[in-house]
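Have a look first, then read on.

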Amino acid sequence: MVRAATSFGRSGVSDWIVQRFSAVILAGYTVFIVGFLMLNPGLDYATWHALFSCTAVRIFTLLALLSVAAHGWIGLWAVITDYLTERVLGCKALPLRMFILATYAIITFAYVAWGIQILWGK
Amino acid sequence: MNKNRPVNLDLSTITLPVTGYVSILHRLSGVVMLVGVLALIWLLQATLKSAEDFASVQKCFTSIGAKIVIWGILSALAYHLVAGIRHLIMDMGIGETLEGGRRGAKLVLVIATLLIAGLGVWLW
């Protein structure tokens, strides 16, 4: 029996799909931002500020941040359930994994809230 | 399930094949970026705050230290992106054989190296 109470979607298939959808969003966002920076070599504040004044760009950025939160949770869960195991660490493994995921959850929530403030604040 | 079934997942006793290195680097670059996101959000805040803050970030980017940090984050991103695209291609059933997997892994290493080198040229 796989105990998946701490996985993102409580199901492997759900995590698999979320991981891929969020990956595609993040790949698109990366190409968009890096492409914009490459096409505007002598970037000034006005151009940069205008880009992020655009509602579509703000929504895309928030979507990317939420994708980071989900994608990061699934990735981190996969990594720590592979390496920080009972076999390696004994009974300390579960509390340690719980602590890491809880810390990640708080930090990533802060990232998202901070992002919203940057995008829609003032 | 028998809890005492024989398992050997002790990485220190296993010689990793090229696919293994590509996988572990994918994980490593992912964890690096979870930290890197902090820097990127901070950068977004600083550059959008005011023209003065934008200028000071721009000035900061002329220093070697800042360039190395951003190159590191972008390198992790470039590698993770290429290795992730390989996963999506494999999900479509392409390159799933042992030989295909090895070839794909080598291709990831080559493309990622070129991208990271390109990023270095772009930043300097």
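## Burial

In chain A, 20% of the 122 residues count as buried, meaning that 20 or more other C-beta atoms, placed from the backbone, lie within 10 Å of the residue's own. For chain B, with its 124 residues, the buried share is 18%.

Keep in mind that this is a predicted model, where local features need pLDDT of at least 70 and side-chain atom pairs count only at pLDDT 80 or more, while totals for chains, interfaces and linings use all residues. Residues are numbered from 1 along each chain as its sequence is written, and chains are lettered from A and ligands numbered from 1 in the order in which they are written.

## Helices

Chain A has five helices and zero strands, so its pattern along the sequence reads α-α-α-α-α. Here helices are DSSP runs of H or I with at least four residues, and strands are runs of E with at least two, numbered from the N terminus. Chain B comes with four helices, again with zero strands, and runs α-α-α-α from the N terminus on.

## Overall shape

What radius of gyration does chain A have? The value is 18 Å, whereas a compact globule of 122 residues would be near 14 Å. That radius is taken over C-alpha atoms, and the globule rule is 2.2 Å times the number of residues to the power 0.38.

Along the principal axes, the C-alpha atoms of chain A fill a box of roughly 55 × 30 × 25 Å; for chain B the box is roughly 65 × 35 × 25 Å.

Definitions and conventions
A residue is buried if 20 or more other C-beta atoms lie within 10 Å of its own, exposed if 12 or fewer, and partly exposed in between; C-beta atoms are placed from the backbone.
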